[in-house]
Amino acid sequence: MSTAVEQRIARLEGSYEQIRDRLNSIDSRLTSIDGRFGQIDARFAHFEQRLDSRFAWLLGIVVTSWVTTILTILFHR
């Protein structure tokens with residue numbers, strides 16, 4: 001009877017080792033995905049900086065155009 005119990009326990013231990021190995025592989029894949037998300041976040045931050053810079057330039061050009069147009073209208077005569 002004890003050999004049957006020992007066989008079952010050995011089989012369960014083997015199953016638990018397989019489960020542990022699978023969970024470790026999933027954990028390593030999730031870690032690599034986290035790294036990829038970090039890279040994507042860095043790219044978006046860089047893109048956001050470029051967009052902010054270009055928006056400031058655009059706003060400056062629009063305000064300058066408005067000011068020159070208003071000054072032209074006011075001082076036309």
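**Charges, shape and exposure**

Reply: Gladly! This is a predicted model. To begin with charge, the protein chain carries 10 positive and 9 negative side chains, and 12 Å separates the centres of the two sets.

Me: What makes the protein chain more spread out than a compact globule?

Reply: Start with the secondary structure: the protein chain has 1 helix and 0 strands. Its radius of gyration is 33 Å, while the globule rule gives 11 Å for 77 residues; the value is well over the rule, so the chain is more spread out than a compact globule. Along the principal axes, the C-alpha atoms fill a box of roughly 115 × 15 × 5 Å.

Me: Why is T72 called exposed?

Reply: The label needs a relative accessible area over 50%. T72 has 51%, so T72 counts as exposed.

Me: Why does Y16 get the label exposed?

Reply: Here the relative accessible area is 56%, so Y16 passes the cut-off as well. Y16 sits in helix α1, which covers residues 2-74.

Me: Which nonpolar patch on the surface includes Y16?

Reply: One with about 1,200 Å² of accessible area together, whose members include L12, Y16, I19, F37 and L51.

Me: What share of the protein chain counts as buried?

Reply: Buried means under 20% relative accessible area, and 0% of the 77 residues count as such. The accessible surface of the chain is about 7,700 Å², with 63% belonging to carbon and sulfur atoms.

Technical notes: Residues are numbered from 1 along each chain as its sequence is written. This is a predicted model: local features need pLDDT of at least 70, side-chain atom pairs count only at pLDDT 80 or more; totals for chains, interfaces and linings use all residues. Side-chain values use heavy atoms; hydrogens and water are left out. Helices (H or I, at least four residues) and strands (E, at least two) are DSSP runs, numbered from the N terminus. The radius of gyration is taken over C-alpha atoms; the globule rule is 2.2 Å times the number of residues to the power 0.38. Buried means under 20% relative accessible area, exposed over 50%, partly exposed in between (1.4 Å probe, protein chains only). Accessible areas come from the Shrake-Rupley method with a 1.4 Å probe; for residues, only the protein chains shown count as cover. Lys and Arg count as positive and Asp and Glu as negative; His and the chain ends are not counted. The place of a charge is taken as NZ of Lys, CZ of Arg, CG of Asp or CD of Glu. Patches are made of residues with over 30% relative accessible area and no salt bridge: like charges are joined within 9 Å, nonpolar side chains (Val, Leu, Ile, Met, Phe, Trp, Tyr) within 5 Å. A salt bridge is a side-chain nitrogen of Lys or Arg within 4 Å of a carboxyl oxygen of Asp or Glu.
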